[in-house]
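Let us take a walk through a protein model together, one step at a time.

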Amino acid sequence: MKRLSVVGAIRFAYVFVFEQIGAIIGLVWLPLVFVAILQFLPYAIGTAYPGTDPSKEGGAAALNLTFFMAAFLLYAMNCVAVTRQALGLRQGAASLHFSLGWPEWKMFAAIIICLLLLGATIGIYARIGAVISVAAGRMPGLAIAAEAYTILGLCGVVWLALRLFFLLPPIVVVEERVDFLRAWLVSRGNAWRILVVMLAVIVPIVVIQAAAIVLIVGPGVFAPLPASAEAMNVALQARIGLIDRHMASIIGLTLVLAPFSLGLTLGASAYAYRSLAADRLASKAAPPQ
């Protein structure tokens, strides 16, 4: 069983981003601009909050779903392009990239299936947790079991997500198929190593984004919520309104940080695939420039 080098994966991800940030931006900037437009459109045309009219709610939901799916298709395009760059299947600079071939559609299918699987897993976890919590309320002796389920169940969800999803982008690009079983087998014995790698490449971006949002919106956006349910609802509504007033700036911030987050996460995934499945990658060669 091959073991992933945690230090090697983290180092590769950061070196890849800072050495090839120009190429990464060239590959992803146009799809990201379209994604930003799609994110802002529901607020611009009023479908983000259609009100209580059932006739409007259905149309708004359908339109928002269309925007959502289109944004993920563009994200899939970026995943393919950056993964190819990180794997060395594409080399050199880039100024513009837009492609909707079979690799992008397969990546799009993989992303949607991932979201559905993750949503179903979290839903099952939450439903079982709710049943245990109700039982613990009636039988105090089950309180420890409820707490243990909360922690162990969350660890199980994270473990499952890492095993199934982390290596999927390079598998789709190199092996040209959406294969969750392959991702499961290749990542065997490396789930918690992958977790450390992902934390190392995601947490810095999250911290930077949170700090920037505080500067844009104000420190109140992350203030503690009141204890009572009624006061909490009022505070949440006020906070949502505050974020909505700065939505254009927040989307712009996401647009700026996206090349770094894509490069770091997909760079780490590409390194892991090269380490754990080098035989498959060796059969691929970078196209001539």
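**A walk through the model**

Sorted by class, the residues that line the largest pocket are 38 nonpolar and 7 polar, with no charged residues among them. Keep in mind as you read that this is a predicted model. The largest pocket holds about 1400 Å³ of space. Its lining is made up of 45 residues, and those nearest the centre are Phe 72, Tyr 75, Cys 79, Ile 111 and Thr 265. Which elements give two or more residues to this lining? They are helix 1 (6–45), helix 2 (54–87), helix 3, helix 4, helix 5 (168–175), helix 7 (191–217) and helix 9 (247–276). The most comes from helix 9, which gives 10 residues to the lining of the largest pocket.

Let us step back to the whole chain. The protein chain has 10 helices and 0 strands, so its pattern along the sequence reads α-α-α-α-α-α-α-α-α-α. Along its principal axes, the C-alpha trace spans about 60 × 50 × 35 Å. The protein chain has 289 residues, and 38% of them count as buried. If you take the contacts between residues at least 6 apart in sequence, 78% of them join residues at least 24 apart.

Now for a space of another kind, a cavity. Rolling a probe the size of a water molecule over the atoms shows where empty space is left. How many cavities of 30 Å³ or more does a search of the whole structure find? The search finds 1, and the volume of the largest cavity is about 40 Å³. Its lining consists of Leu 117, Leu 118, Thr 121, Val 157, Leu 160, Ala 161, Leu 164 and Phe 165. Helix 3 (102–138) and helix 4 (143–165) are the elements that give two or more residues to this lining. Helix 4 has the largest share, with 5 residues. By class, the residues lining the largest cavity are 7 nonpolar and 1 polar, with no charged ones.

In soluble globular proteins, nonpolar side chains tend to be buried together. In this model, the largest nonpolar core has 57 residues, and Met 107 and Leu 167 are those with the most contacts inside it. Two or more residues of this core come from each of helix 1, helix 2, helix 3, helix 4, helix 5, helix 6 (180–186), helix 7 and helix 9. Find Met 107 in the picture and look around it: leaving aside neighbours within four places in sequence, Met 107 is in contact with Ala 76, Cys 79, Val 80, Pro 169, Val 172 and Val 173. Another core, of 7 residues, lies apart from the largest one, and its members include Ala 212, Val 221, Leu 253 and Leu 257.

Aromatic rings are our next stop. A pair of aromatic rings is described by the distance of the centres and the angle of the planes. The count for this model comes to 10 aromatic pairs. One of them joins Phe 34 and Phe 98 edge-to-face, at 6.1 Å centre to centre and with 80 degrees between the planes. Phe 34 lies in helix 1 and Phe 98 in the loop between helix 2 and helix 3, so this pair ties together parts that are 64 residues apart in sequence. Phe 34 counts as partly exposed because its relative accessibility is 37%, and Phe 98 is also partly exposed, at 42%.

Trp 159 and Trp 184 form an edge-to-face pair too, with 5.2 Å from centre to centre and 80 degrees between the planes. Because Trp 159 belongs to helix 4 and Trp 184 to helix 6, the pair ties together parts that are 25 residues apart in sequence.

Finally, let us visit a single residue. Leu 255 lies in helix 9 and counts as partly exposed, at 29% relative accessibility. Not counting residues up to four places away in sequence, Leu 255 touches Leu 32, Val 33 and Ala 36. Leu 255 and Ile 208 are 47 residues apart along the chain, and their C-alpha atoms are separated by 13 Å.

Methods. Residues are numbered from 1 along each chain as its sequence is written. This is a predicted model: local features need pLDDT of at least 70, side-chain atom pairs count only at pLDDT 80 or more; totals for chains, interfaces and linings use all residues. Side-chain values use heavy atoms; hydrogens and water are left out. On a 1 Å grid over the protein atoms alone, a cavity is a set of points where a 1.4 Å probe fits but cannot get out, and a pocket is an open set with protein on both sides within 12 Å along at least five of seven lines; lining residues have an atom within 4 Å of a point. Grid points are joined across faces, edges and corners, and a volume is the space filled by probe spheres set on the points. Helices (H or I, at least four residues) and strands (E, at least two) are DSSP runs, numbered from the N terminus. Ala, Val, Leu, Ile, Met, Phe, Trp, Tyr, Cys and Pro count as nonpolar, Asp, Glu, Lys and Arg as charged, and the others, Gly among them, as polar. A nonpolar core is a set of buried Ala, Val, Leu, Ile, Met, Phe, Trp, Tyr and Cys residues joined through side-chain atoms within 4.5 Å. Buried means under 20% relative accessible area, exposed over 50%, partly exposed in between (1.4 Å probe, protein chains only). Contact means heavy atoms within 4.5 Å. Rings of Phe, Tyr and Trp (its six-membered ring) pair if their centres lie within 6.5 Å; planes under 30 degrees apart count as stacked, over 60 as edge-to-face and the rest as tilted.
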